[in-house]
Amino acid sequence: MKKLSTLKNLMTNYKTMFKQYKKVYSFEECLYQNKITLRQAIVTDINSFLQIEEDVYNGKTPWNHTAFLQEMLNNRRSIYISAVAKNEVIAFIGVDFYPLKCEAHITNFAVATPYQGQGLAKFMMKKIMDFCKDEGYKVISLEVNNNNIIAKSLYAKMGFEEGKFLKNYYTETLEDAIEMYVYL
């Protein structure tokens, strides 16, 4: 019974723990001379998430407003982080935590096109990896579109290895995905 109580406390405190962990992380982005800040996502960020997805995924939004809202409000073991520049959300990442398995899973990750190729995705992933490692997680996993060479390359550079090939993983487009994972 004590173990279950401890697990419940852990799960309800993830969002608070991440806030405390990240405190005032910022990233100086050279080309735009902006200060980019990571913060816990808020419900009003969802419209920006959808705009970023539409831009990045050629007019498609793999997740809809309801899916993001459900994750942010009802999934106690997940957290969404927004990257903000000049009061505008320019990137986001979602993570599900599985404390009993000591695993974390990246559910969603996108960077607005004007900010791609500048190190922001690497910076955000590194912060998530550091947080997971500090909290005792052993593995981070994700799925990536098999055609997304740039993302696959970034993940590989960060130590992710390819796992299962997922045929027709994306139901709307029937595109394939690759499972990737990194041991911390």
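Tyr170 is partly exposed, with a relative accessible area of 23%; under the convention used here, buried means under 20% relative accessible area, exposed over 50%, and partly exposed in between (1.4 Å probe, protein chains only). The model is predicted: local features need pLDDT of at least 70, side-chain atom pairs count only at pLDDT 80 or more, and totals for chains, interfaces and linings use all residues. Residues are numbered from 1 along each chain as its sequence is written, and side-chain values use heavy atoms, with hydrogens and water left out.

**Aromatic pairs**

A pair of aromatic rings is described by the distance of the centres and the angle of the planes. Rings of Phe, Tyr and Trp (its six-membered ring) pair if their centres lie within 6.5 Å; planes under 30 degrees apart count as stacked, over 60 as edge-to-face and the rest as tilted. The structure holds twelve aromatic pairs. In one of them, the planes of Tyr155 and Phe160 stand at 55 degrees with the ring centres 5.6 Å apart, so this pair is tilted. Tyr169 and Tyr170 form an edge-to-face pair, with 5.0 Å between centres and 90 degrees between planes. The accessibility of three of these residues is tabulated below.

| Residue | Relative accessible area | Class |
|---|---|---|
| Tyr155 | 7% | buried |
| Phe160 | 5% | buried |
| Tyr169 | 36% | partly exposed |

Elsewhere, ring pairs link Phe49, Trp63, Phe68, Tyr80 and Phe92 into a cluster. Lys101 lies over the face of Tyr98, at 5.5 Å from the ring centre; a charge sits over a ring if NZ of Lys or CZ of Arg is within 6 Å of the ring centre and within 35 degrees of the ring normal.

**Helix H5**

Helices (H or I, at least four residues) and strands (E, at least two) are DSSP runs, numbered from the N terminus. Tyr155 belongs to the buried residues of helix H5 (residues 149-157), together with Ala151, Lys152 and Leu154. Viewed down the axis of H5, these buried residues fall within an arc of 160 degrees, so they line one face of the helix; the arc is that of the directions from the helix axis to the C-beta atoms. On the face of H5 turned away from the buried side are the exposed residues Ile149, Ile150 and Lys157. The buried residues of H5 pack against strand S5 (103-111), helix H4 (120-134), strand S6 (139-145), strand S7 (161-170) and strand S8 (175-183), where contact means heavy atoms within 4.5 Å. After H5 comes Gly159, whose phi is positive, near 100 degrees.
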